[in-house]
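My notes follow the order in which I looked things up.

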Amino acid sequence: MNTNKKGIDGLQELLQKNYDAEDGYKQVMQKTDNAPLKNWLKNQAAQRSAFATQIDKELRAINETPADSGTALAAAHRAWIDVKTAVASNTDEAILEECVRGEKASVAEYEAQIKTDNYTGELNSLLVDQLHQIKSTLNLATSLEELAE
């Protein structure tokens, strides 16, 4: 794989964002008693863990040291989720609202990285595939949010 510095930095950012998403899903999973929702959130956390593992593997293949945690901004966002869900009248709706917001941000980040043309071949295909899966999650989370209203 021939990846330039900007491409490596972009992969590191996506890796951290996947760690953030995984942590976020795990956190909100603890805030619901709705078993199907809890299971769905668990599956989303596992998916993001798998995405992170795939990107980690790509970074290691080019002798780069992968980031090992998420971003400080995400830690602040998770604190905001705590406050918001603590005062929300419908906790499941608030959880899904945060999932939709997070997935929209993920879609934008992936699209921005893919548009840079810093990735070719299999790596580009990997990122496009992850983006499609995130879009599917966003569509489902949006539908679930509408049902929870």
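**Entry 1: the model.** I am working from a predicted model.

**Entry 2: packing of α2 and α4.** I took helix α2, residues 35–61, and helix α4, residues 91–115. They pack at an angle of about 20 degrees. Their axes are 12 Å apart. Angles under 35 degrees count as roughly parallel, so I logged α2 as roughly parallel to α4. I also looked up the handedness: α2 passes α4 in a left-handed crossing.

**Entry 3: who touches whom.** Next I listed the residues in contact. From α2 I have Leu37, Trp40, Leu41, Arg48, Phe51 and Ile55. They meet Asp92, Ile95, Leu96, Cys99, Glu103, Ser106 and Tyr110 in α4. I sorted this contact of α2 with α4 by class: nine residues are nonpolar, one is polar and three are charged.

**Entry 4: length of α4.** I checked the span of α4. The helix has 25 residues, so at 1.5 Å a residue it should span 36 Å. Its end C-alpha atoms are 36 Å apart, which agrees.

**Entry 5: after α4.** I looked at the backbone beyond the helix. Asp117 follows α4, and its phi is positive, near 60 degrees.

**Entry 6: Leu147.** Is Leu147 buried or exposed? I found 71% relative accessibility, and the cut-off for exposed is over 50%, so Leu147 counts as exposed. This residue lies in helix α5, residues 121–148.

Conventions: Residues are numbered from 1 along each chain as its sequence is written. This is a predicted model: local features need pLDDT of at least 70, side-chain atom pairs count only at pLDDT 80 or more; totals for chains, interfaces and linings use all residues. Side-chain values use heavy atoms; hydrogens and water are left out. Axes are lines fitted to C-alpha atoms, for helices over the stretch in contact, and angles run from 0 to 180 degrees between N-to-C directions. Helices (H or I, at least four residues) and strands (E, at least two) are DSSP runs, numbered from the N terminus. Angles under 35 degrees count as roughly parallel, over 145 as roughly antiparallel, 65 to 115 as roughly perpendicular and the rest as oblique. A crossing is left-handed if the near helix is turned anticlockwise from the far one by less than a right angle, and right-handed if clockwise. Contact means heavy atoms within 4.5 Å. Ala, Val, Leu, Ile, Met, Phe, Trp, Tyr, Cys and Pro count as nonpolar, Asp, Glu, Lys and Arg as charged, and the others, Gly among them, as polar. The expected span of a helix is 1.5 Å times one less than its number of residues. Buried means under 20% relative accessible area, exposed over 50%, partly exposed in between (1.4 Å probe, protein chains only).
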